[in-house]
Structure formats: C-alpha cells, structure tokens
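I opened this model to take notes on its chains, their contact and a few single residues. The entries follow the order in which I looked things up.

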Amino acid sequence: MEKNRISNQQLKALLVTTVIGIGILSLPSEVAVALNNDGWIAILIGGLIPVPFIMIMDRLFKMYPKKSYFQITKEVMSPFVAYIFFIVFFIYTIVVIGYIHRVFAEVIKAYLLENTPIKVILITMLVAVSYAARSRLEVLARVAVMIYPIILGFPIFLLVVNLPNLDYTNILPIFQLDIKQIPNGIFTAYSAYLGFEITTLAFNITEDNTKSVKYTLRGLFTVIGVYLIVFFVTLSQYGVFQLKRGIWPSIDVIKEVDLPGYFVENLDGIVLAIWVLVVYSSLGPFFHTSGIILKEIFNTKTHEVFIPFLIPITFVISIIPDNLVVVTKVMARILEYLAFIVSIILPVVIFIVAYIKKRRVKT
Amino acid sequence: MEELSKDLNTNLQMLEEIFKDVDDLVFRLVELGESKTKACFVFIDELIDGARLSEYAIQAVLIDDKKDFNLKLFTSNLIKNLANREITISEVKEEEDLGNIIDAILSGQTVLFVEKEKKALLLETRGFPTRGISEPESETVVRGPRDGFGENLKMNMALVRRRIRDPKLKVKMKKVGRRSKTDIAIMYIEDIINENILEEVNKRIEQIDIDAILDSSTLEFLIEDNYLSPFPQIEVTERPDTVAASIYEGRVGILVDNTPFALIAPVTIGALMQAAEDHYSRWTITSFIRLLRIFAVFLAALAPAFYIAMTSFHPGLIPTRLTYYLGASRINVPFPAVVEAFLMEITIEVLRESGTRLAGPIGSTIGIVGGLIIGQAAVEAGIVSPLMIIIVAITTISVFALPNYEWASGFRFIRFAYMILAAIFGLYGIMLGIVVLFVHLAKMESFGIPYTAPYSGLGLREGDLKDTLIRAPLQKLKYRPRFTLPKDKKRMGEKNNGEE
C-alpha cells in the first residue's frame, strides 16, 4: 500500500476544514462594515477568486506529475529565486499560525476561560497542534474527514435553532451597494478563504488527480455556502447596524437561542468547545506546511525535526500584538497582503515560467 | 542438525543424552517378526494417547503373521513397509533429522526407531487433556451460535473450518517461540484477501524472536503497529463465528495453541465497535444499538470530565435550576469536583478489579457491598455528591456496553487523562484532548490499513458506513467491507428473496 495518498473526498474535507476556522466568527460583521446588506456579494466573489488559481495549480501539477509544489519550484526557478519563494511562503504560514492562534485564544478567553492567562491557552493549543503537524498529510486528511460533519452540521444547526427568532426583513434592502466599496469588501472576504492554497499542495498525492479540481471546487462551494448561511442568519437576527458593531456575531447569535427543554442553558459555550476542533483542523495543515517548507529549504529527510522549533517562533508571533484591535486591524492586513502574494502571485509566476520552459523544450 | 545412525543403540543413547533427567520420556523396546529385529517406540508419557499407541501401533507391528512379516524383513525398505502395511495410525511420517524428531517427541508424537534404519517413523499419537467446547465467556449472545474456542489449536481450527468449506481457505502452520515452539495457524481465503496485508502479517510473525508464547496476547503485542497506544490494533475474539466472518471479509485469522483467544488482523474502529450478535439480529435494533455504542464511547471517556468542567468552570452552561440543585447537593462536600471524581472513579476501578479476580458468588457480593453500600454511605457521609455517584455508575456501565474489551479498556484508561485536562482547562481542555485523540487514532494503522478507515476515508455512498455506523439490511450489503481492500468485492448475488 502506498504511503501518504489521499482520496479526493479527503481532499475536499481537508479544504473545507482548513479554510473554515476563525474567519467564520468575524466574517459577517466585516463584510457588513464594507458592504452593508450586500455583504453576501463580497462573500460570493471572494470565494470565487481562488477558482482560477486552483486551475493553475492543477495544470502545474499535470505538467510535472508526481512532483510536489516545492520540487516543481526548485526545478523551474533558479535556486536563489526558489529559496526566496520558500522563505516568503514560510513567513506567510507562520504569520497565519500566529494570527489564528491569537484570535482563537482571545475567543476562548472571552467565552470559556475568563481567568486563564492567554499565554497558557496559546501554548497548550500550539503543543496540541504540533502533534498533528508532525504526521503525514494523509493523517491530517483523515482527521479532516472526521471533523467535516461537525463543520457542515454547524450552519444547519445555527439555522434550525435560530429560525423562530429570525427577522427576515433585516436582509432587505439588497443591491444598495457602493461600487467603490466592492474591491475592499472582496479583499476582506478573501481573507476568510485562506487555506485553500495549502490543499492545492496536496494535488500531487491524490489517488485520482483527474478529478481533484472537481472535488476541490466542490469543497470551495461548500465553504461559500456555509459562510452565506452564517451571514444571512446573523444579518436577519441583528440587522445591519448591530451586525457592524459586533466582533464575533456568529457566536453571539447562538446566545440568542433559548429553546425550552435544553440540557444546556447557554449553547454558545458548547458550540465554542466544538469550534476548538474546527480551529485545530485548520491550524494543523498550516503548521504541517511550514514544517514541510523548512524541510525543503534545509533538504532534510523529514519535516518532523523542525516542528519543535516552530512552537516558540509561532508563539512569539502570536503574542506580538498588544490587543485584539492590533490583531484584527494590523496583523490581519499584513496577512492579507502576504496571502495575496503566496496564494496568487507565486503560483502564477511559477506557472508562467514553467509554461515557457516547456514550450522551449518542445520547439 | 545431526542425522540418525544405522545403529539403534546409538540413536537411543543420543536421545537419552539429550533428554537427560527427563523422567517422563518412555522407551518401549519391541522385537519384530521371527528375525527379532529390534525396534523402539519413544514418546513422552503424558502427551500421548496411550490407548491409540498400543492398539494401532504396537499391537500392529507385533501381530502374529510371522510368515508374511519375515518376507518383508528381507526386502530392502522395512520402515516403509511398516508405515504402509502395518501401522494403522492415521498420520505417519518418515524423518531422518534429529532436530525434527526431538520437536516431534516434545509435541506429543511417538517416534519409532528400527534397527539398521537411518530413518525413524513419526506417529501421530497426540492426546492430552483438554477442556471441551464451552460457551465463550466474554462474548455471549442471545441469538447466534454458542460455541467458543478452547485451548486446543486443532479443535479451534476445526470450529473455524466447519464454517468455511472452501478449498481456497488456506491454513499456514507456523511455530513461534524459541523454547515454547507454539503452533500458530494463519487462516485466510486466498482469493479474497489483499496480498499486502497477508505479506505484512507473515513478515511480522517471521520476525518474532522470543522464548515463549503463552497466549495470543504476546503475539499480538509483538506484531501490532503502535505498541505505545492504549488501543488494540488487532481484534481478539473467543468466537469461531467471528473469526469465520472476518475471514470472509478478507481479513486474516490467527489461531494460537493453548489459548481460546484468536487474533484477527487488520482491524479498524468500525470492527471494534461491532458485537458478534450485530449480524444475527434485525437491522433496525442493531442500527440503533450501534449508534448507542458511539454515544457510550463518549460517555465512558468523558462523563466524569464533563462533570468536573461544568461544576468548576462553566456552571453557566447548565440550566439554572440544575445549577441550584448541584450547588445544594455539593454544599456538604468538602472537596473540589476533581478530587471527588478521582476518589469515586478510583474506588470503582478497585472494586471492579477485586470483583474480576474473585470467582462467582463472592464477586457479586463485592459488587453489592462496594457499589451499593459504599456509594450510599459516601453520599450520606457527605464525601461525594449524589450526582457524582450517578456519573460514576454511568461511566462504568458505558464501558461494559462496548463489545471489545481491550478497546473499552483504552477508554477506561484515557478517562483519567480527560479528568485532569478538565480540571485544568475546563471544556477547552476536554476538546483539546478529544482532538488529540482524533489525531492519534488517525495516525494509527493496522497492517497498513488506516485504523479510522470507515470514518476517515471514502464517502457516504461508497464507504463502509452502512455496516459500521449503522447496519443496513442484509440486502443492501452486497459488497464486502472496503477497508480490507478485498480482491473479490462482491459477496451476494443480484437476486435474493424480497428484492426486485
């Protein structure tokens, strides 16, 4: 049996679990700030941006079958340029890890563990994630499939329990948007789709890579669907003005639920606890990838050796911002630019160079 | 290894030398025919069936037909003649290697040496006291076959073979253990099993180098993938029907001599959550029970941890009235919830251990004294809250609800880890523990098959979920489970009664 192979179903689950993480909590209010009632446009278009790049990655892997993204980069680019690419990619992954960790810890502190120091939450989560990061991508994909139903269950659950209290008139008016704000909104929404580039790296280990694109896109549409449901539920619950002011409206909306006959009084605590799984499953692949990049840079046999060193690095990054405002305003901006470079510019450059090289060989 | 000599006395002396101080080794000298050719039966007294030996071997060679016998004595191959024309024991083999002869004697065969012959005859006379077929104690069923394995390998193999009458059923015999030389039988159906699995099983068994295998557990621990894990990676069963069903699914059954526990590899979570009766009862109730078992797993591992997390970290999460009640019932309890939980959980574990080691009526007395009296007294004395007693009882019952003992024991063990996590980090700690457990399970493999196979791969439609999460009606289970990657995928024809 071949080691480290994943099925297309697993690829899809991996994509969904990696992409959905902390973004889902703040996305509704962020897009509402940018586009008011028409935030869904930003969610939709932001979610479609990755599509051409998924196609490009697929073409790239078809040109160099059985090779990993990093091997292709090394082959296509001069070593120096390849290393710069790797370093940029590496910085991106550790900043993402730091960012997700910080937001995660802030949420946990706010809702579950009021008295625990934030650093303790950060360290425990990092150590737990490093356990997953040390394994093969195949293992992460298996975990993703196990967590996948929970992620799909969440929006459905949200919808069902909120149905009685929703005020659908809050959704209106639509199409009242300011055209100039659209790029800004899309850019904001795009940051909630970070993580798809990690799964495109897995194209070369799928069992049947002719269908990988199909499944990846399906996964992407699932994510868009989940985001849209969450957006509409929060919007109709709060109305656009209150939604704009919320920090994590997706959690608060669960607090509104009060159905009789529950064993638990406050659902938000339980939902947040389950959300730990969701965040874990999006941190794992990032952490794994940063280890893989170091492996490629230093040419070692396994990536496991680097994982222990990554724990302090990411820990430091996650505690650099002083407070949540700095995290969401500054760190998130930096991250958006980095993500733009890593998930869009780098693949395009590599693809173009590879394409030209192949052409030259033929003629 | 040394070879036999032509001289009978030299051979016997050699044996006497090797079996020095072994007083239960018997030499039975006889003289054959009129020429009085010397011969000798060698065996270990208690390992053989004495009646069979004297009736079908000794009597046969000494029988009074001198004329015929003498003729044969002058023909070249006396030993062959003895085997072919005189001895009426079912299994007879010629052997010239001393090592094999010694092994044969130790395993209960009788060896016949004859003067002027470089070969000896091995006679199958094994017969030693065994327990009869009895009902399996750890896996009882309401409906289904009641026979269970015993300690005798041959008998166990017979029980499996009676359920698979197919020449494709292969039985590979091996000897493992430097000193114990335990017989093991590897059984599989050739055109179903995936070769990679079989190869892996064979390879790992070949690599074993230990002096004794007393139970199949030794073998299990030596060939499993991850020996540090608290969870079993090979299925253990006392039931021949379970072994047969697994062989039909494209798995390998490994029977070990001297133990009623057979091994089945590979295994997945799905298989560990199945009881033998699942396929004997109707699909509706079985599906319900299977879902219930998954619930039981979580209860067994998490119930006390949740109690700790809720009472010490998140009283706001439980309904207000329950919080009041909890507060009132805990008002006399001097300990924090963790101490209370640990106290009771450890008490119940001790109780369980003492109950297991004591036989029959005393065991149940312990249960009553421990469970009822201690529990009642502890609540009245105000050491623990009544809710804690309920939690402990639920946990223990849930552990027993899981069909596989080793798998349930894994959860019994990690329950304490969750309690510690809950005591430090509350609900967050529990979830962290759960997700690390997920990763641990996902990391594990059983002979190259992902341990979490039905839940972590494939989709709903083509996957094994319809025979793991629930049990679909038999008509919907036309294909073998996929996790074993069987060569022959289909197990039912298109048309069965009740179908279009």
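**Notebook: two chains and their contact**

I began with burial in chain B: 49% of its 500 residues count as buried. I note here that the model is a predicted one.

**Entry 1, chain B overall.** I looked up the secondary structure and found 17 helices and 12 strands in chain B. I then checked the radius of gyration, which is 30 Å for chain B, whereas a compact globule of 500 residues would have one near 23 Å. The box that holds the C-alpha atoms of chain B, taken along the principal axes, is roughly 105 × 60 × 35 Å. For contacts in chain B between residues at least 6 apart in sequence, I noted that 66% join residues at least 24 apart.

**Entry 2, surface and charge of chain B.** I read an accessible surface of about 24,400 Å² for chain B, with 58% of it belonging to carbon and sulfur atoms. Chain B carries 58 positive and 67 negative side chains. I find the centres of these two sets 7 Å apart.

Along the principal axes, I read a span of about 70 × 45 × 40 Å for the C-alpha trace of chain A. Buried residues account for 61% of the 363 residues in chain A. Of the chain A contacts between residues at least 6 apart in sequence, 84% join residues at least 24 apart.

Chain A exposes about 14,800 Å², and carbon and sulfur atoms supply 67% of that. I noted 30 positive and 22 negative side chains in chain A, with the centres of the two sets 13 Å apart.

How many residues does the contact take from chain B and from chain A? I find 38 residues from chain B and 38 residues from chain A. Between them the two chains bury about 3,200 Å², and 72% of this is on carbon and sulfur atoms. In chain B, the residues that lose the most area to chain A are B:Leu317, B:Tyr428 and B:Lys443, together 21% of what that side buries.

I located B:Thr452 in the loop between strand 12 (449–450) and helix 17 (453–456) of chain B. Is B:Thr452 buried or exposed? B:Thr452 counts as buried because its relative accessibility is 0%, and the cut-off for buried is under 20%. Leaving aside neighbours within four places in sequence, B:Thr452 is in contact with A:Arg142 and A:Met146 from chain A, and with B:Ile269, B:Leu441 and B:Ala442 from chain B.

I found B:Pro167 in the loop between helix 6 (153–161) and strand 6 (169–176) of chain B. B:Pro167 has 72% relative accessibility, so it counts as exposed. From B:Pro167 to B:Tyr405 I read 33 Å, C-alpha to C-alpha, across 238 residues of sequence. B:Asp21 sits in the loop between helix 1 (8–18) and strand 1 (25–32) of chain B. At 71% relative accessibility, B:Asp21 also counts as exposed. B:Asp21 and B:Ile285 are 264 residues apart in sequence, and their C-alpha atoms are 62 Å apart in space.

Terms used
Residues are numbered from 1 along each chain as its sequence is written. Chains are lettered from A and ligands numbered from 1 in the order in which they are written. This is a predicted model: local features need pLDDT of at least 70, side-chain atom pairs count only at pLDDT 80 or more; totals for chains, interfaces and linings use all residues. Side-chain values use heavy atoms; hydrogens and water are left out. Helices (H or I, at least four residues) and strands (E, at least two) are DSSP runs, numbered from the N terminus. The radius of gyration is taken over C-alpha atoms; the globule rule is 2.2 Å times the number of residues to the power 0.38. Buried means under 20% relative accessible area, exposed over 50%, partly exposed in between (1.4 Å probe, protein chains only). Contact means heavy atoms within 4.5 Å. Accessible areas come from the Shrake-Rupley method with a 1.4 Å probe; for residues, only the protein chains shown count as cover. Lys and Arg count as positive and Asp and Glu as negative; His and the chain ends are not counted. The place of a charge is taken as NZ of Lys, CZ of Arg, CG of Asp or CD of Glu. Buried area is the accessible area (1.4 Å probe) that two parts lose on being put together, summed over both.
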